[in-house]
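Please keep the structure open beside you as you read.

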Amino acid sequence: MPTVVVMDVSLSMTRPVSLEGSEEYQRKHLAAHGLTMLFEHMATNYKLEFTALVVFSSLWELMVPFTRDYNTLQVVLVTDGCLGIGRGSLRHSLATHNQRSESNRFPLPFPFPSKLYIMCMANLEELQSTDSLDCLERLIDLNNGEGQIFTIDGPLCLKNVQSMFGKLIDLAYTPFHAILKCGHLTADVQVFPRPEPFVVDEEIDPIPKVINTDLEIVGFIDIADISSPPVLSRHLVLPIALNKEGDEVGTGITDDNEDENSANQIAGKIPNFCVLLHGSLKVEGMVAIVQLGPEWHGMLYSQADSKKKSNLMMSLFEPGPEPLPWLGKMAQLGPISDAKENPYGEDDNKSPFPLQPKNKRSYAQNVTVWIKPSGLQTDVQKILRNARKLPEKTQTFYKELNRLRKAALAFGFLDLLKGVADMLERECTLLPDTAHPDAAFQLTHAAKQLKLASTGASEYAAYDHNVTPLQTDFSGSSTERL
Amino acid sequence: MAALAAVGPPNPRADPECCSILHGLVAAVETLCKITEYQHEARTLLMENAERVGNRGRIICITNAKSDSHVRMLEDCVQETIHEHNKLAANSDHLMQIQRCELVLIHTYPVGEDSLVSDRPKKELSAVLTSEVHSVRAGRHLATKLNTLVQQHFDLASTTITNIPMKEEQHANTSANYDVELLHHKDAHVDFLKSGDTHLGGSSREGPFKETVTLKWCTPRTNHIELHYCTGAYRISPVDVNSRPSSCLTNFLLNGRSVLLEQPRKSGSKVISHMLSSHGGEIFLHVLSSSRSILEDPPSISEGCGGRVTDYRITDFGEFMRENRLTPFLDPRYKIDGSLEVPLERAKDQLEKHTRYWPMIISQTTIFNMQAVVPLASVIVKESLTEEDVLNCQKTIYNLVDMERKNDPLPISTVGTRGKGPKRDEQYRIMWNELETLVRAHINNSEKHQRVLECLMACRSKPPEEEERKKRGRKREDKEDKSEKAVKDYEQEKSWQDSERLKGILERGKEELAESEIIKDSPDSPEPPNKKPLVEIDETPPVEKSKGPVSLLSLWSNRINTANSRKHQEFAGRLNSVNNRAELYQHLKEENGMETTENGKASRQ
């Protein structure tokens, strides 16, 4: 998540901090020290994080802007907890919170998912002596509880500021390290951005789910078969080189740049499974299915940013036994070698996916819908059109006739049957002299059958009954077609 | 439909009591009280928390009421029935009390008549029952009302796809643009709701309360398959299911093509926000992320670890991936012990087997660069082998022996070595070692795998005794100082991490020493994982080391030995011994010299 650092530069931030036997510090200096630590941490361990800096007192100024817009944010607010007085102060804003109109909305909650971290250049006692803490807590509440307030433990000094920012780093900026595994092939990776815990909505006792640090590949699927599945989030999977103690190379804040570069160069020359996997996924147009936890899966694939740059990306599916209906239950996916014959065909020309759902959808079958007058009209017209082309269209004629008959019976629309029967009889009288003699026979037969059905009582009105073409001397050739 | 047909239309001449809607309402309440299979399961599962299982329902009653008081009578009836049934349900395992019930009464009357019943919004009749009344004209008005209700009841929203080009029925060569309205879960519009940016069709013909989001059809240009970043996929249904425009759209999709949908904007760039796609006869509306991502402009993978290596076995791993594709197994399978077999576990198991020996780069392997080895390499990873497989493996091995006899060149990588690289017989030695490593990694799979190894061990060549001696004699003097360094060098080239392979190296320690001169030529070539002990070499080489046609005796004794060895757990020391001498305190070296790999350990057992 990108971070906006919001720094309080009001006059109260220049209040001196009393330290024995050392040079004088202002709260501002402490804040700067803490932020330096945060930025250095990001520079080494969280390199891909985007940050912006805003300063404010009674006015605000964007010092370092984002170059892009994002849909989620982390906001780090640095203040001393002196909230000011009068109009526009936080205290005043909160007190008049209910009186605001739509156009003059309070900025919280942010109109995008966000976390608000408030770093106080003050200790708890100091904040509690006024109502500052309450006001700040209300800010977090207004942001739907997303966020946290940090205060300095003990006297205000560099060391304690460091430990406070340390807590923020642990909470929000710890890199997520994992091991990517495919059987015996493995690689140490960093997953960026950190996968956030996922709370399953419907569970009775919602427990946030966290992904495994062992990312185990279970098999592969063609991109066409996985077909743009819905995902919770996307993450870069970056191979990392770990030193002997298991730390990422270059965790030290004061890292010598040259050392790091040479370490990187060596790491670049050691074969890494991520690169192999990425290359093959890209060439083959496939994704790797990866197990993230019990009943939780995701996919690894090559994500191209441009023609030249591409990277290994991981998307998380929604937790559950069957995240994608067209793949079926994940646990039921097995190796093709267990199948009697290769489901992808000998020439790789077929696929076991997508799975067919048990029931055909209404739009995938020929249901009769008469919710608009035009629907009914079309169906009647179809019958008449075919009636004029008898006996060539005998089959289609009876097919359409039976469809209409079934629907009319189901809806209890018996009058329709009578009406259509009348129309067919009329068609019969209108037949031109050149018409095939069979046409007249079939029309009369069909009209009679519909009339029988419209009484609603006889066996002819049974729903499952089908009107079949009349066997005539002329229809010898057409029986073959039936 | 068949059930509807069985009921048939009401008979106007029948006793009005018999076709009273009251029977239907009572039956509806009864049905709501019956415990469903799902509720039963959930109740049994939760035990003491069984009360957490809810039982709420909705009764939709389409009828023709006589007056507002008639409606009140119907409501009272439902209220009364629920009350009674809840009493019954309290003492039953098969019934559940209704906690909440919504009664939706739809009064429908013929077009042209005036309604005798007035509309009424949702109202609480009791703690359990709420009721609402809709008065609507019959025919298409009823259909429209039901459409609206269905959206409310199932949290649906409507999207109208506009500008769908469609061939005219009459004039097949012209096409006109059509609109099709779809229903889907309202979450598919979540981005619009968040941004407050609704492209409302507004003037929807259907009524004032109906909102639909309009999206423009983008004619698909290619059939290129792409992986879109999709944040949600929701099933759809056309509002007017089988109208010509609807079925035209659905058939297009059901035939396997996808359509991207664009937000209509007067100006600015094109924003693709959704995609329609069918998966096995079901059509889904995919929500594509149109907001910009923090993952834009990431470093390329070639800039990271392993990014400078250029000879990855990309094609081979592609083949590996295709072999390890997944397929659904819908029928349950059982293991020998009767427990359920999880196909996904089988898939992991297969990956484990297939990767026991899998060098990642071309210069790390010889055998996988040889077409001649394919028949063996492709089957040896299997869980079990057929007789035919074994035969094929043996043929492969004989074929290799043949190649060696003919002195065919091998695709040994000369990367990182100066000059021509190792000599031909050294190349074959490396190849045989590697092949042995591969086969050894699988000997525990089955007895047939064992047989392949036996065949390999029986056939693999050893340098002839005399030549060996000759070399040794020549080199004895400088051996002391050189061998250590040379052996060190040797390893880099192979960079075999496996202790399995190590063993192979140690086993042939003798030859290695003898051949150290060859390697000396290439000082930057690799270093072994272990420093090899300087063993005083036994002047009489063991029988198995003799080259050329294998004697019947050695074949026989090999066979007996392996048969015997299977009857007992081989003494670890002997298993790893070099010329029947086991090296003590190996682990000390491993700790000092190299990282121990799990892989080797696993396959050694």
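In what order do the six strands of the open sheet in chain A run? Keep in mind as you look that this is a predicted model. The order is E5-E4-E1-E6-E7-E8, and the pairing is mixed. At the edges you will find strand E5 (60–64) and strand E8 (147–152) of chain A. Each of these has a single partner strand, so one side of each is left without a neighbour in the sheet. Going from one strand to the next, the twist averages 20°.

Now turn to one pairing inside this sheet. Strand E1 of chain A, residues 3–8, runs parallel to strand E6 of chain A, residues 73–79, and five bridges join the two. To find your place in this pair, look for A:Thr3, which has A:Gln74 of E6(A) opposite. Packed on the sheet is helix H5 of chain A, made of residues 158–172. Helix H5(A) touches E6, E7 (114–123) and E8 of chain A. Its direction makes about 165° with that of strand E7(A).

With the sheet in mind, let's step back to the whole chain. Chain A holds 13 helices and 18 strands. Of its 482 residues, 47% are buried. Among contacts in chain A with a separation of 6 or more, 67% are between residues 24 or more positions apart.

Technical notes:
Residues are numbered from 1 along each chain as its sequence is written. Chains are lettered from A and ligands numbered from 1 in the order in which they are written. This is a predicted model: local features need pLDDT of at least 70, side-chain atom pairs count only at pLDDT 80 or more; totals for chains, interfaces and linings use all residues. Side-chain values use heavy atoms; hydrogens and water are left out. Two strands pair if DSSP finds at least two bridges between them. Helices (H or I, at least four residues) and strands (E, at least two) are DSSP runs, numbered from the N terminus. Axes are lines fitted to C-alpha atoms, for helices over the stretch in contact, and angles run from 0 to 180 degrees between N-to-C directions. Contact means heavy atoms within 4.5 Å. Buried means under 20% relative accessible area, exposed over 50%, partly exposed in between (1.4 Å probe, protein chains only).
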